[in-house]
Structure formats: structure tokens, C-alpha cells
Amino acid sequence: MQTQAVHINFRGGIVSPGYLKEIMQVASDAKVSHVRFGLRQQMILEVPINQIEKFNQSCACKDIISQTTKEALPNIVSSYPAAGIFSLDGWLREGVYKDVFDSFNYSPTLKINICDRQQSFTPFFTGHINWVSSSSEHFWQLYVRLPKTKTLHKWKDLIYTNDLPMLSKRIEEEILNDKFLFYGKEEADVNLLYQRVKALTAYVSRSSLDDPTIDFSLPYYEGFNKANNQLWLGVYRRDEQFPVGFLLDVCDICLGCRIGQLYTTSWKSIIIRGINPAHRKLWDQVLGKYRINVRHAANELNWQVEDNSEEGLQIKRQIIRHFDKEDVRTYGLCFAVQTKPASSMFGTIVIQKEQTRNPHRLRSLERFTILYRRGFNPNEREFVVFREGVSKEHLAIYLESLCKYFYEQVGDGLSIPEDESRRDEKDARERTVYQCRNCYTIYDPAIGDDEQKVLAGTTFDDLPETYACSLCGSSKGEFIEIKESALNEAEALKV
């Protein structure tokens, strides 16, 4: 059946159950059975061509703003879904997010991200205008990435919360009004952009601070989880398809249980917060009704695939099957599959399809490049090439090697801090020596046995079977293993 892709934006990833229910009713009437969520927290529907006119008319009647993929404006991405469950401290709370969203009196043409620096759930720099909360209350650091470029530029000032929408609009206008200078220009002078905006715009600012240290560790965002005295539920779909009937039932439960908001995420999942534990059975019933599993392995959840990319999903499935079979650890990593040259994907490791001028090239001849971010930090912009010209069948094997390399790098120089005053005492308590049963002579592997030319560091098992006690001549079998701390205690008792 021929369809047309339609996007509906949820600013900041927030949608009320009442509004979502209206959308799902319109979708159902237009014979849409499933919907998806995109990388920018938007909803994507495939509407049958013979139903599109009816769908558009119903959306207009209900004030639902829908756009085709080609004309769709980018959704404002935010870390609001993480507030209260993945980011608990700091000044950026739900009320601040809402104040910022409400202040946007225009629909941005460029991609805007608004994120809490203390979370690692929502990508920071996948937008063109990227706001990251600073350590100074109500001030934000701005990072600009000009359209069609990969270089990230840090703004010279920290910006006050109330000025975010106004300054975003001014920056967008300057870029789009002078595309020759700023659009798709890696070598563009962003300092000129700063000077122009500064000259034309009055805003509250402070001197910029050092870049925040942003560590990445993707939290497990699926299933039922506790938050204070309530529960939150994360729902992920392996095929990215959410049944319309399921979402209608979710909306009905939320409305009946006074849950005022649902959240869409950059991982193409949804989160429902504020669930009363007494209502857990309602949610279990609706999950069971649609056979929805909510306990996938973590190595399946840490993936970013382009929107509406079946090819990307197939590659992801193939690699995950290998990871499961070989029990590959991927904690601390996230992966992205990029099949289109214009895509800008978030990931520690990116599988990038190599482009060819021959559109009829056999799939068996397609090749991929495996890249990873500098320092294995997914928020870095610089890539390191790991392998080029990799066939689809060999991707998983190379990725397994890269995962091992990551953990080797993480482990280098890692030491566990310990109280120096107790280290010797602890070592003595836990060290093992060997004692002759007959004369109580000690063999200490750390010292060895000079009389019998046994080098220091020789373990007891490595001693030859002919080894004998230096004092009484008892055989090796007459030695017993004993903790050095037990020897010390025995000596103390003799005294």
C-alpha cells in the first residue's frame, strides 16, 4: 500500500494524553495501524495515500499540526524526559523547561537542543543551536553547529534562561539570511556571526566557563522503575512500531489515573512517569494485551538508527544477534547506523555506509566504514576511523574487536583509591603463605627460598615436586596454605 510519511512535533518531547488520544483517533480513522517516534522526539505516521486528504482535514479540525517529511520543521529536542528520573540534582527542573518552551513564539527552522549538563540520556549536540545548562543557575552555554557542517563552535557568553528563545531566533535569522557565509560552510567565521548577533541583540549574559565534563553512560530506559514513591514505565519497540490501539489504551489509562504528560525520547521510545504503584496491574494488562515486552537487553537499547530506515534496522538486528551469541559487553557505548550521507548521527561508534555513484551496485558489494568518536565520547565531534571497506557480514566481528579495545582503553591507568594507612594491614590480612606441618617453617611466594635457589615471586604451585622444607626436610605435600594474618595472630597469642 502506498503511503505518505507525516510528522507531528511534540516540543521538548512532551505530549498530553488528551492531545495524543486525538492524534491516535485521527490516525485510526485514516486506517493507520502503527506509528513511530523519531530521533528528534517527534511522531512519524505512514498515512495511506487514499486517506491523506481525510487525515489532513481531521487534523485541521482538531488543531493538530502535521507536516510531510519534506516540509517538516525540526522538533525542539530536550532532556525533559530525564528530569526527575535520570537527572535529580541541579537547578534545571521541570518548571524551567516549560517556561523556556512556552517562550518560543515561533517554529524554528534550524534544529534546537535544550539539555541538562548533568544527564547523559538525551544527546547534547545533534542540533544546530545547542543549549546546555551551566553550573551557574539560570545560565546556559551555547554551542552552534552551522547547517550541513560537523564543527561545533562554543559561544563566548553564558546566556540567561529568559533569552534562549529570542537569541535562538536571532541566530537562525542571521544564518538563513546570509547562507553564502554560514550555510554548509565548514570554514565559516562563526566569530562574525557572534559579532553580528551581539550588535543587534540585547541579552543578559555572563563570561563563559570552561566546557563541562560530559561523561556518557546511557541509563536503562525500559520497563517499570521506581522514582521516589511512584513508578515510571519506559516502552521500546524492536521494530520501532507502536500499535495505535496500544497508544489509545495508554492515553485512557493516563486520563483515568490523572497522569498529565507522556514523554517521547531520542531513543524512539516513550516514557510514562508518575504511575501509582496501586495501578501497576492496569499497565501490566495493557502491555499483555498487545504482547509488548519491556525487558530487552541493554545492548539492544543503546542504538540510534535513522528515521524510517529499514536497512539500518536490519544491520542493527544482525549485529545484536552476534553480540548476544558472543555475550559482548557494550556498557558505556552507544552505536549509530548511518546509511544516508546527509545524516548526523549520535553515537560512540558509527557504522557508516560507504556511498557509491552506481545505484545498481549489488548489495553483496556494499561496504561500510566503522568510526568511533575521539576518546570514545559520543559528544565529541571528531571521528577516528577504525576500519574501512567492511562488508555487511563482517561488521559484527569488527565491532566486537572495537568493544574490547574500548574496555582496554578505559582500564588503562585505572586504580582503586585506598586508605594508605590501612593498605599494609589489609595486604597482610589477605596474603597467603605456606607452612610446614612439622616444624612450622614458612614458604612465602613473595620472598622465595634463597637456600634452594627459588626466586622471589615463585608461586607454591610452581615449586618442583622435589621441593622440601629447608629446616626439617619435609616434602612439599606437608605444607599447608594459611593466611598471613592468621600467623600474626598466633604470634600475638604466644607473646
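**Reading strands, rings and burial**

Q: Is Tyr19 buried, partly exposed or exposed?
A: Burial is read from the relative accessible area: under 20% is buried, over 50% is exposed, and partly exposed lies in between. Tyr19 has a relative accessible area of 25%, so Tyr19 is partly exposed. This is a predicted model, and the values discussed here are computed from it.

Q: How does Phe10 read on that scale, buried or exposed?
A: Phe10 has 2% relative accessibility, so Phe10 counts as buried.

Q: How many aromatic pairs does the whole structure hold?
A: A search of the whole structure gives 31 aromatic pairs. In one of them, the ring centres of Phe10 and Tyr19 are 6.5 Å apart and the planes stand at 80°. Planes over 60 degrees apart count as edge-to-face, so the pair of Phe10 and Tyr19 is edge-to-face.

Q: What kind of aromatic pair do Tyr80 and Phe101 form?
A: Tyr80 and Phe101 form a tilted pair, with 6.4 Å from centre to centre and 50° between the planes. The pair links distant parts of the chain: Tyr80 sits in the loop between β6 (77-78) and α3 (94-103), Phe101 sits in helix α3, and the two are 21 residues apart. Both Tyr80 and Phe101 are buried.

Q: Which residues form one aromatic cluster?
A: The cluster is made of Phe86, Phe121, Phe216, Tyr221, Trp232, Trp267 and Phe346.

Q: What holds the strands of a sheet together?
A: Strands of a sheet pair through backbone hydrogen bonds, either parallel or antiparallel. Here, strand β9 (residues 139-144) and strand β10 (residues 153-160) run antiparallel and are joined by five bridges. Gln141, for instance, has Leu158 of β10 as its bridge partner.

Q: How many bridges pair β10 with strand β11?
A: Three bridges pair β10 with strand β11 (residues 205-207), in the antiparallel sense. Here the bridge partner of Ile159 is Ser205, in β11.

Q: In what order do the strands of the five-stranded open sheet run?
A: The order is β17-β18-β19-β20-β21, and the pairing in this open sheet is mixed. The edge strands, β17 (303-305) and β21 (383-391), each pair on one side only. On average, neighbouring strands of this sheet are turned by 20° against each other, direction ignored.

Q: Which pairings in this sheet are parallel and which are antiparallel?
A: β17 and β18 pair in the parallel sense over three bridges, with Val337 of β18 as the bridge partner of Val305. β18 and β19 also pair in the parallel sense, over four bridges; there, Ala336 has Val350 of β19 as its partner. Strand β20 (residues 367-373) and β21 pair in the antiparallel sense over six bridges, and Phe368 is partnered by Val390 of β21.

Q: Which way do the side chains of β18 point?
A: Phe335 and Val337 point one way from β18, while Ala336 and Gln338 point the other way. All four are buried.

Q: Which strands does helix α10 lie across?
A: Helix α10 (residues 310-326) lies across β17, β18 (335-338), β19 (349-353) and β20, and runs at about 155° to β17.

Q: What is the handedness of the unit made by β17, α10 and β18?
A: β17, α10 and β18 make a left-handed β-α-β unit.

Q: Where does Gly312 lie, and what is it in contact with?
A: Gly312 lies in helix α10. Its relative accessible area is 0%, so Gly312 is buried. Neighbours within four places in sequence aside, Gly312 is in contact with Val305, Val337 and Thr339. The C-alpha atoms of Gly312 and Thr339 are separated by 6.7 Å, with the two residues 27 apart along the chain.

Q: Where is Thr264 placed, and what does its side chain reach?
A: Thr264 is in strand β15 (residues 262-264). With a relative accessible area of 1%, Thr264 is buried. Its side chain reaches the backbone oxygen of Gln41 at 2.8 Å.

Q: Which residues is Thr264 in contact with, leaving aside its neighbours within four places in sequence?
A: They are Phe10, Gly13, Phe37, Gln41, Pro81, Ser269 and Ile270. One of these, Phe10, is the buried residue whose ring pairs with that of Tyr19.

Terms used
Residues numbered from 1 in each chain as written. Predicted model: local features only at pLDDT ≥ 70, side-chain atom pairs only at ≥ 80, totals over all residues. Heavy atoms only, no water. Pairing = 2+ DSSP bridges. Axes fitted to C-alpha atoms, helices over the stretch in contact; angles between N-to-C directions. Contact = heavy atoms within 4.5 Å. Buried < 20%, exposed > 50% of the residue type's maximum accessible area, 1.4 Å probe, protein only. Polar contact = N/O pair within 3.5 Å; in protein donor to acceptor, adjacent residues only side chain to side chain. Right-handed = clockwise from strand over helix to strand, strands pointing away. Phe/Tyr/Trp six-rings, centres within 6.5 Å; stacked < 30°, edge-to-face > 60°.
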